[in-house]
Amino acid sequence: MVKGLDNVFSGYSEIDGDFYDDLEETLIMGDIGVNATSRILDKLRSQVEEKNIRSTRECRDLLIQNIREQMHTDEHAYDFENQKSVLFIIGVNGVGKTTSVGKLASIYKNKGKKVLVAAADTYRAAATEQLEEWTNRAGVPLVKGVEGADPASVIFDAVNSAKSKDIDILIVDTAGRLHNKKNLMEELRKMNKILDNHLPEYKRENLIVLDGTTGQNAMSQAREFGEVTDLTGIILTKMDGTSKGGIAVAIVSELNIPVKYIGVGESLDDLERFEPQEFVDALFDIDHEERVKLDQEIVARKLSSGEMDSSQLTEEEAIDILTRH
């Protein structure tokens, strides 16, 4: 991705049709996808024409600014970590769902939270055993049922345990099936009803786990699960060198679902909060000095266009801008 973008922006002395064609191909090949790429380039063309930009370098800066603003994570995205919450972990088999549950459990336990995991994927052979291994490594308790049991019965037991033990965060590993949406919807409905009735004070998060190496197939999974449940965030796994990376941009652009965590390895602590600015900086191989310059340009553009006025800057933002400068 980085090499392809560098070749495009360094290989043209002017902005023309061939330049846009090569840029489009590079973005699509980087897993950003056709629809997201079209929207990104439509906005870029409009800005280039409006600002009468001739330099490919200026065009590159605009593209970076646009993607960075699009990937912005809401300031309340992680509020659930600091209050009693239920996390539904959703996704097809093989994407890293079970390992992500174990890593999340470890993260919250290390933050001093009382964590409980529910093994509600009762259909896949050895699913509970795998989850038990991860929860043992994380040092958190697990509520499980027999293989083939109704997932709602596991949730009911987990709810009672959460109440009796004053659990802070309940993490639910759900079944990874999509071949029968009717059954999946019924399972989710039953689990939701139990949680709504018995843990109404807990905040809900529905996090879908997607494999970053599968490109547009991950997008299709997000769409399909989004039809049967309200997705609040994404855990993007296998982002340790084999994925092209652009799928994160595509998902945020097309589905308006924030990426909240990324998996960068196989060990217990290899799950990190998604940092949009660092991600975009990596896509374009931006160093600290260039990042500071871009930050200043974004603020200046918003102030001059009326999107922001100086009174909207918090004290922390003002200090951050001055410190970076």
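Thr98 counts as buried, at 8% relative accessibility, where buried means under 20% relative accessible area, exposed over 50%, and partly exposed in between, with a 1.4 Å probe and protein chains only. This is a predicted model, in which local features need pLDDT of at least 70 and side-chain atom pairs count only at pLDDT 80 or more, while totals for chains, interfaces and linings use all residues. Residues are numbered from 1 along each chain as its sequence is written, and side-chain values use heavy atoms, with hydrogens and water left out.

Thr98 lies in helix H5; helices (H or I, at least four residues) and strands (E, at least two) are DSSP runs, numbered from the N terminus. Apart from neighbours within four places in sequence, Thr98 is in contact with Arg124, Gln130, Leu131, Trp134 and Asp173, contact meaning heavy atoms within 4.5 Å.

Helix H5 (residues 97-110) packs with helix H6 (residues 127-138) at an angle of about 20 degrees, their axes being 9 Å apart. The axes are lines fitted to C-alpha atoms, for helices over the stretch in contact, and angles run from 0 to 180 degrees between N-to-C directions. That angle makes H5 roughly parallel to H6, a term for angles under 35 degrees. The contact is made by Thr98, Thr99, Val101, Gly102, Lys103, Ala105, Ser106 and Lys109 of H5, and by Gln130, Leu131, Trp134 and Ala138 of H6.

The largest nonpolar core has 98 residues, and those with the most contacts inside it are Leu23, Tyr108 and Ile171; such a core is a set of buried Ala, Val, Leu, Ile, Met, Phe, Trp, Tyr and Cys residues joined through side-chain atoms within 4.5 Å. Leaving aside neighbours within four places in sequence, the contacts of Ile171 include Val101, Leu104, Ala105 and Tyr108, and also Leu87 and Ile89.

Terms used: Angles under 35 degrees count as roughly parallel, over 145 as roughly antiparallel, 65 to 115 as roughly perpendicular and the rest as oblique.
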